[in-house]
Amino acid sequence: MTTPPSSPRALLHLLFNGARAMDVVEASLELGLLDSLEGPRPVTLAWLAQRHGLVPTRLYKLLDCLESLGLVRREQDSDALADTRYQAVAGLADAARGVLAREKDRDKFAWRAVYGRLPEVLRGQHGVPPEDFDWPLRTPEQVADFETSMAAGLPPILETLRQHAALLWRDGPRLLDVGGGDGSLAAHLIQEHPGLRADVFNLPATAPLVERTRRRFGLPPEQPGFVGGDFLQQPLPRGYDAISFVRVLHDWPMETARSLLKAAFDALPSGGRVLVCEEFRTPQRLAAQFFWTYLLIGVDSCASRLREVELYLDALRDTGFVDARALQGGPFELVTAVRP
């Protein structure tokens, strides 16, 4: 059985070869190898090579690369390469599809302004120019690029919400998605749950993006709806059965996050539900957040704060919500609570 590297030296070898490692993963996904390797039983090198039309000795070395990453397990009972058996770790193909799509989308951001200059950046002598990334976002181009990048990361969030749909949408509620980006999340939920109405509450500059999303999904007028405003300056709109914060609260100090939860409490009716879905602080989420953490080293106006889920549960209870809990079963934990 193969496990990811445990020594600092082995890990650093892999990190230094990161671009080449991802080339191996991308090629394996494109060739269909990852799907073939995810069967219930290990498969032989000979079978893989024949199925995909590959040179066995070359394929053997590519599989060594995947094994070094801890993504493939190898079993070898003889010295015959053709008889070597392989099996992918569970979920590898889906993980590769999600990560490749998300990270490629992020690559257009200004990380090269930081790359190779971290000592200067950390001394305050250099940083990411405001025209490339500033916070709050100032230009329509910045807003569009940022919201498009956020929409690319929705699949695990949608899967999490699907896992708990029977609890969340059983009464066909009206949902207010606070800071809801270009409306992609709201549009997906409207498509999947007839009877659900969803509005996006976001800065007025994002209104054209929400309308673009509505047209792309082929949804009727006003679905998703849009309410323009600044959640840092204004009360949250009333008239909703549920209010969601999806990848919003970790962008702000905890005092601000608590204020937003209080604003949700004030806006919701009795029995109304608040939802918090974001990258809580775990080793896996720190890895998923690596790009943004790296880029934001050069940005003083913004810091994404990954927090332990217990901090939000405590904040919800302190605000007056009841039945505060972290729902398990999806790619993310989903924190939810109810106004009494």
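Modeller: Helices α2 and α6 cross in a left-handed manner, a term used when the near helix is turned anticlockwise from the far one by less than a right angle, while right-handed means clockwise. The model is a predicted one, in which local features need pLDDT of at least 70 and side-chain atom pairs count only at pLDDT 80 or more, whereas totals for chains, interfaces and linings use all residues. Residues are numbered from 1 along each chain as its sequence is written, and side-chain values use heavy atoms, with hydrogens and water left out.

The helices themselves are DSSP runs (H or I, at least four residues; strands are E, at least two), numbered from the N terminus. Helix α2 covers residues 18–31 and helix α6 residues 92–106; their axes come within 10 Å and cross at roughly 120°. This angle makes α2 oblique to α6, since angles under 35 degrees count as roughly parallel, over 145 as roughly antiparallel, 65 to 115 as roughly perpendicular and the rest as oblique. Each axis is a line fitted to C-alpha atoms, for helices over the stretch in contact, and angles run from 0 to 180 degrees between N-to-C directions.

On the α2 side, Met22, Val25, Glu26 and Leu29 meet Ala93, Ala96, Arg97, Leu100 and Lys104 of α6, contact being heavy atoms within 4.5 Å. Sorted by class, this contact holds six nonpolar, no polar and three charged residues. Ala, Val, Leu, Ile, Met, Phe, Trp, Tyr, Cys and Pro count as nonpolar, Asp, Glu, Lys and Arg as charged, and the others, Gly among them, as polar.

Turning to α6 as a whole, its 15 residues should span 21 Å at 1.5 Å a residue, and the end C-alpha atoms are 21 Å apart, which agrees; the expected span is 1.5 Å times one less than the number of residues. Leu92, Ala93, Ala96, Leu100, Arg102, Asp105 and Arg106 are the buried residues of α6. Buried means under 20% relative accessible area, exposed over 50% and partly exposed in between (1.4 Å probe, protein chains only).
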